[in-house]
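Look at the structure shown here and follow the explanation from one part to the next.

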Amino acid sequence: MKKFALIGAAGYIAPRHLRAIKDTGNDLIVAMDINDSVGIMDSHFPDAEFYTEFEDFAAFVEDQALKGSKLDYIAICSPNYLHTPHMKYALKNGIDVICEKPLVLESSEMDELKLYEDKYGARVNSILQLRLHPSIIALKQKVASAPADYVFDVDLTYMTSRGKWYMKSWKGFDHKSGGVATNIGVHFYDMLHFVFGKLKHNEVHYRDEKTASGYLEYERARVRWFLSIDANNLPENAVQGEKLTYRSITIGDEELEFSGGFTDLHTQSYQNILAGNGFGVDENRMAIETVEQIRILPIVTSGENAHPLVAKVLK
């Protein structure tokens with residue numbers, strides 16, 4: 001049984017980590033969040049310690065190590081801009097990391113993490129769950145079996161509406177979240193790299209605080225993409241639920257069906273990590289560099305490479 005800590009226990013994604021820790025037969029020793037709305041912990045680890053101050057959390061972790069009960073993993077679900085300092089804390093204490101996406105906001109931070117891994121002997125693992133999705137694995141196999149010179153035409157559309165709270169939270173500030181393409185899209189860019197190879201070209205056609213669109217060329221694909229948290233961009237067939245969403249990936253004339261199959265992907269991620277097969281810093285590099293470029297590239301006239309929805313937002 002491995003001993004875990006969790007930073008960001010009150011966040012949206014934390015319950016998936018709590019479940020994954022429990023479902024893999026491990027124990028949560030301590031959790032931390034500046035928000036104390038963490039009653040979800042009672043359903044999984046009611047005896048875990050909890051702190052709202054990082055200094056208190058850090059002191060507890062270090063005291064445990066002195067008592068001969070050093071943690072094995074720190075799971076990180078904190079706001080994006082805190083991922084790097086929280087990972088560095090874990091690595092400095094010789095504790096392996098399981099970090100939510102995006103792993104970092106700047107590509108230079110990945111180089112720093114590699115230095116920390118080398119110096120302190122601990123390892124960074126990331127959650128890139130789309131790499132484990134059955135439909136994505138099948139697509140990767142399809143691409144691999146196609147003629148080597150065949151390039152696929154792909155349209156990626158992802159919209160998930162957010163209320164007014166979003167822009168007032170840390171997610172609404174680019175220097176904290178990385179912007180909309182990073183915050184809701186980085187795992188899609190990782191998936192595209194995973195399936196279609198190295199990125200060769202990146203251009204941005206539209207970018208504001210709620211919407212971004214552009215064009216990417218990979219070794220095996222030409223991709224028009226559109227991401228948005230603006231409900232005004234949703235089509236009529238958006239899915240009703242906790243929040244209105246619309247997700248579509250078409251390859252040629254075929255729609256990739258991957259709306260289901262997400263339930264256990266965090267647990268599968270944990271299983272792989274615990275078996276020594278996690279996705280580390282290097283696996284994240286292409287996607288992080290992609291979204292980093294999307295934040296700073298000049299807007300170009302889209303022309304024939306434009307996603308069909310760009311015309312709608314430009315009206």
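In this predicted model, A212 stands opposite L227, a residue of strand 10. The two strands involved are strand 9, residues 211-218, and strand 10, residues 221-228, and they pair in the antiparallel sense over 8 bridges. Another of the paired positions is Y218, whose bridge partner in strand 10 is A221. Strand 9 and strand 10 form a hairpin, with 2 residues between them.

Strand 10 also pairs with strand 7, residues 152-160. Here the sense is parallel, and the pairing again runs over 8 bridges. Within this pairing, D153 has R222 of strand 10 as its bridge partner. In general, the strands of a sheet pair through backbone hydrogen bonds, and they may do so either parallel or antiparallel.

How much of strand 10 is buried? Of its 8 residues, 6 are buried, so strand 10 is largely enclosed by the rest of the structure.

Next, turn to Y81. This residue is found in the loop between strand 4 (73-76) and helix 3 (83-92). I137 lies 56 residues from Y81 along the chain, and the C-alpha atoms of the two are separated by 30 Å.

Finally, consider the protein as a whole. Its secondary structure comes to 11 helices and 12 strands. A compact globule of 315 residues would have a radius of gyration near 20 Å; the protein has 20 Å, which agrees. The C-alpha trace spans about 65 × 45 × 35 Å along its principal axes.

Of the 315 residues, 52% count as buried. The accessible surface comes to about 14700 Å², and 48% of this belongs to carbon and sulfur atoms. Among contacts between residues at least 6 apart in sequence, 69% join residues at least 24 apart. The protein has 34 positive and 44 negative charges, and the mean positions of these two groups are 2 Å apart.

How values were computed
Residues numbered from 1 in each chain as written. Predicted model: local features only at pLDDT ≥ 70, side-chain atom pairs only at ≥ 80, totals over all residues. Heavy atoms only, no water. Helix = DSSP H or I, 4+ residues; strand = E, 2+ residues; numbered from the N terminus. Rg over C-alpha atoms; globule rule 2.2 N^0.38 Å. Buried < 20%, exposed > 50% of the residue type's maximum accessible area, 1.4 Å probe, protein only. Contact = heavy atoms within 4.5 Å. Areas by Shrake-Rupley, 256 points an atom, 1.4 Å probe, with all protein chains shown as cover. Lys, Arg positive; Asp, Glu negative; His and termini not counted. Charge placed at Lys NZ, Arg CZ, Asp CG, Glu CD. Pairing = 2+ DSSP bridges.
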